[in-house]
Amino acid sequence: MTLVRKFIVNLLHLKDIFVCSYQFRHRDKELHLFVKPYKVGCRCPHCGRRGAIMHISSSPRMWRDIPVFRWTVFLCYQPKEIYCTTHGRIQEEIPWADPYARITYRFEYALLVYCQLMTQKAAARLLHIPTSTLSDLLHQSIVRFRDRHRIRGLRSIGVDEISYCKGHKYATIVYDLDRSCVVWVERGKGRDTIDLFFEYCLSGHQKEQILWAACDMSEAYIGAIQEHCPNVKLVLDRFHIVKAINTALDEVRKEQWREASAEERKVLKGLRWLLFKRSSTRSKKDSRTLHALEKGNRRIYRAWLLKDEFEQFWEFKTRWAAERFLERWTTSALRTRLEPMRKLANTLRKHSAEIVSFVHTRLTNAVAEGLNRIIRIIKNRASGFRTLDAFADIIFLTVGDLDIPAQIPGKFRTV
Ligand SMILES: [Zn+2]
């Protein structure tokens, strides 16, 4: 081996690959390495035994490798077809890449890790490829690994919806709440979408194993969970109930704002976020402003009082106390003439069993909300995703139940 070749082999860490020659293409800034998988003979990909060469492909194949400084590196080789006594006619083993891939394992690993850490645009720049090529490669990798993957040991699930394409479209996400990861993503937020998950991803036994589920007050999710999981204890998620109460309160505020005269509006100004504040985060001044509403605008004050009272619900330790509270709360909400609050009270009554379940289980989608926050950060970092495929790729890569970079053979996991 010449000194330069030895230097290249060491520098690029091509330990198990035999480099026959190299070529620097100055115009394209490319380094082509003409390599051989093994110094002597060709091996069967299944049993590793040497086989007789049957056919040599006419055109050399190129695999993109990790770039070095300004050089884009390619491995070049003409794969041979061999005859193995056990496995018959077969393409020889290519140890540095997946059988049909056009990139090396090392490159694939770098791509996956970079995409976890930074935007696809930045990753593409570091890897010397166009962003569109990078998204395609990423999608291929993720589909390849996820196709082989099966969901295992699901006990507690969370179901939630997430928007993409600038909030125009929705997807349903299923979380594993014990392991805090995403197990499934699919477009749509209706019953037919969530049914797909239970019908195609879980066996009958797996559905029986699901003991806890948390979701929002959407009939589609509640219906599907109750139908498919016989042993489940469904808990309506705390986060979503609080959100629903806040939404109802905000509707009352908006209604009053529309009807108010210029003079009356002065009192209502700046209320929007103040009304949502929990008692623990309110300052004395906030409380004073809110209590002034009693004289300023009785309808908003009434709605806010209801919202504020409901905070107690999360403190109950016994079921009967929580039930009694919910009963009283909904009764007083129904007595008001605030339409959004009455509507909400009816919904809460309908699902009271699932809401009260919280007292014992303390199960919330908090884990899912945490993951959602990460997903939102990714979404903002990429300034949105237009297709669900691209979005789901990144979700699975960063918060999925399968550690995708760890699927690359160990010795190639270096960046
Ligand atoms: Zn073989």
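Author: Strand S2 (residues 30–36) and strand S6 (residues 71–77) run parallel and are joined by 5 bridges. Strands here are DSSP runs of E with at least two residues, helices are runs of H or I with at least four, and both are numbered from the N terminus. Two strands pair if DSSP finds at least two bridges between them. As an example, His32 has Phe74 as its bridge partner in S6.

Reader: Before we go on, what kind of model is this?

Author: It's a predicted model, in which local features need pLDDT of at least 70 and side-chain atom pairs count only at pLDDT 80 or more, while totals for chains, interfaces and linings use all residues. Residues are numbered from 1 along each chain as its sequence is written.

Reader: Okay, back to the strands. In what order do they line up in the sheet?

Author: The order is S1-S2-S6-S5, an open sheet of 4 strands with mixed pairing. Strand S1 (18–25) and strand S5 (61–68) stand at the edges; each has a single partner strand, so one side of each lacks a neighbour in the sheet. From one strand to the next, the twist averages 25°. Axes are lines fitted to C-alpha atoms, for helices over the stretch in contact, and angles between N-to-C directions run from 0 to 180 degrees.

Reader: In which sense do S5 and S6 pair?

Author: Antiparallel, over 6 bridges. One of the pairs links Arg61 to Tyr77 in S6. S5 and S6 make a hairpin with 2 residues between them.

Reader: Is Phe69 buried or exposed?

Author: Count C-beta atoms, placed from the backbone: a residue is buried if 20 or more others lie within 10 Å of its own, exposed if 12 or fewer, and partly exposed in between. Phe69 counts as exposed because it has 6 C-beta neighbours inside 10 Å. Lys29 has 13, so it counts as partly exposed.

Reader: Let's zoom out. Where are the domains?

Author: Domain 1 covers 1–96, domain 2 covers 105–232 + 373–415, and domain 3 covers 238–361. Those bounds come from an automatic or database domain assignment. The centres of domain 2 and domain 3, taken over C-alpha atoms, are separated by 35 Å.

Reader: How do I read a core?

Author: In soluble globular proteins, nonpolar side chains tend to be buried together. A nonpolar core here is a set of buried Ala, Val, Leu, Ile, Met, Phe, Trp, Tyr and Cys residues joined through C-beta atoms within 7 Å. The largest one has 96 residues, and Leu111, Tyr175, Ile225 and Met341 have the most contacts inside it. Helix H2 (residues 105–117) gives the largest share, 8 residues.

Reader: How does H2 pack against helix H4?

Author: Two packed helices are described by the angle between their axes and the distance between the axes. H2 and helix H4 (residues 131–148) pack at about 100°, with axes 11 Å apart. That makes H2 roughly perpendicular to H4, the label for 65 to 115 degrees; under 35 is roughly parallel, over 145 roughly antiparallel, and the rest oblique. Glu108, Leu111, Leu112 and Cys115 in H2 meet Leu134, Leu137, Leu138 and Ser141 in H4. Contact means that the C-beta atoms, placed from the backbone, lie within 7 Å.

Reader: Which residues of helix H7 are buried?

Author: In H7 (residues 219–228), they are Ala220, Tyr221, Ile222, Ala224 and Ile225. Their cover includes strand S9 (156–164), helix H5 (191–201), strand S12 (212–215) and S13.

Reader: And what about Val235?

Author: Val235 lies in strand S13 (residues 233–236) and counts as buried because it has 25 C-beta neighbours inside 10 Å. Leaving aside neighbours within four places in sequence, Val235 has contacts including Trp212, Ala214 and Glu354. Val235 and Glu354 are 119 residues apart in sequence, yet 4.8 Å apart in space, C-alpha to C-alpha.

Notes: Two residues are in contact if their C-beta atoms, placed from the backbone, lie within 7 Å.
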